[in-house]
Amino acid sequence: MPTPTSANKSGLDALLGTIAALREHCPWMGALTHESLVEYLIEEAYEVVDSIEAGAVDDELRGELGDVLLQVVLHARLAEERGSFDFEAVARGINAKMVRRNGHVFKADGSLQETFPASVEEIIVKWDAAKRAEKPEREDPFEGIPPHLPALAAAQKSLDRAERAGLGTQGATAAVVIPGIPDSEEALGGLLLGIVAGAREKGFDAERALRAAVRSFQNSTGRPS
């Protein structure tokens, strides 16, 4: 009887079969839920980031990406078991989304366009237009930014969204007085670490403070009431 990892299967088919078998026969795997998997999804995503930023060799990066793929397969399997959707539907959905949002490369049927844009700026304009067409009722430029995103990432994304929506970013910098932004990411990192250290000495939580500032910026930057 062939095993889930039989050599005549593709790597992905073998993985899907292995997870199906584990869900059925392994009590620990069988007890997993979407909620219990959240911590592992976050952890594995950050391990990919760590590998990339540490300049990991390809074998290590491949392994970390496999761990993230495992999380996707597990969540899809849980959904399949309750009759909602399966991994194939996930793959088809994201493929359709990429075709739909990248009209500068693909036609509606997925075939390639005859010509392609010459600049990143043009691509961003077309991407944003495709997103607006998908959800014309969405008026809030900050909608969709995960509320639990780390504060620095939330700040960066909020500023990007505001600028691309034509709302400006002056409200985020008007009250800040610093000597100037360093000319390198290494120096910027040192400045940010120094700010966190100073906040800590005063008993402030820098993450919480920045999260509150991001919320204030979002609420005051042309956001619909």
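## Nonpolar surface patch

Leu12, Leu69, Val72, Phe85 and Val90 make a nonpolar surface patch. Its area is about 340 Å². The model is predicted.

One of these patch members, Val90, lies in helix H5, which spans residues 87-101. Its relative accessible area is 32%. Val90 therefore counts as partly exposed, since that class runs between the buried limit of under 20% and the exposed limit of over 50%. A patch residue needs over 30% relative accessible area, and Val90 has 32%.

## Second largest pocket

The second largest pocket holds about 600 Å³ of space. It is lined by 21 residues. Asp128, Lys131, Arg132, Pro141 and Arg161 are the closest to its centre.

Two elements give two or more residues to this lining: helix H6 (120-134) and helix H7 (151-164). H6 supplies the largest share, with five residues.

What is the make-up of the lining of the second largest pocket in nonpolar, polar and charged residues? Charged residues number 14. Six are nonpolar and one is polar.

## Overall fold

The protein chain has ten helices and zero strands. Along the sequence the pattern reads α-α-α-α-α-α-α-α-α-α.

The chain has 225 residues. Buried residues make up 19% of them.

Key:
Residues numbered from 1 in each chain as written. Predicted model: local features only at pLDDT ≥ 70, side-chain atom pairs only at ≥ 80, totals over all residues. Heavy atoms only, no water. 1 Å grid on protein atoms, 1.4 Å probe; cavity = no way out; pocket = protein on both sides within 12 Å on 5 of 7 lines; lining within 4 Å. Points joined across faces, edges and corners; volume = space filled by probe spheres on them. Helix = DSSP H or I, 4+ residues; strand = E, 2+ residues; numbered from the N terminus. Nonpolar A, V, L, I, M, F, W, Y, C, P; charged D, E, K, R; others polar. Patch = residues over 30% accessible without salt bridge, like charges linked within 9 Å, V, L, I, M, F, W, Y side chains within 5 Å. Areas by Shrake-Rupley, 256 points an atom, 1.4 Å probe, with all protein chains shown as cover. Salt bridge = Lys/Arg side-chain N within 4 Å of Asp/Glu carboxyl O. Buried < 20%, exposed > 50% of the residue type's maximum accessible area, 1.4 Å probe, protein only.
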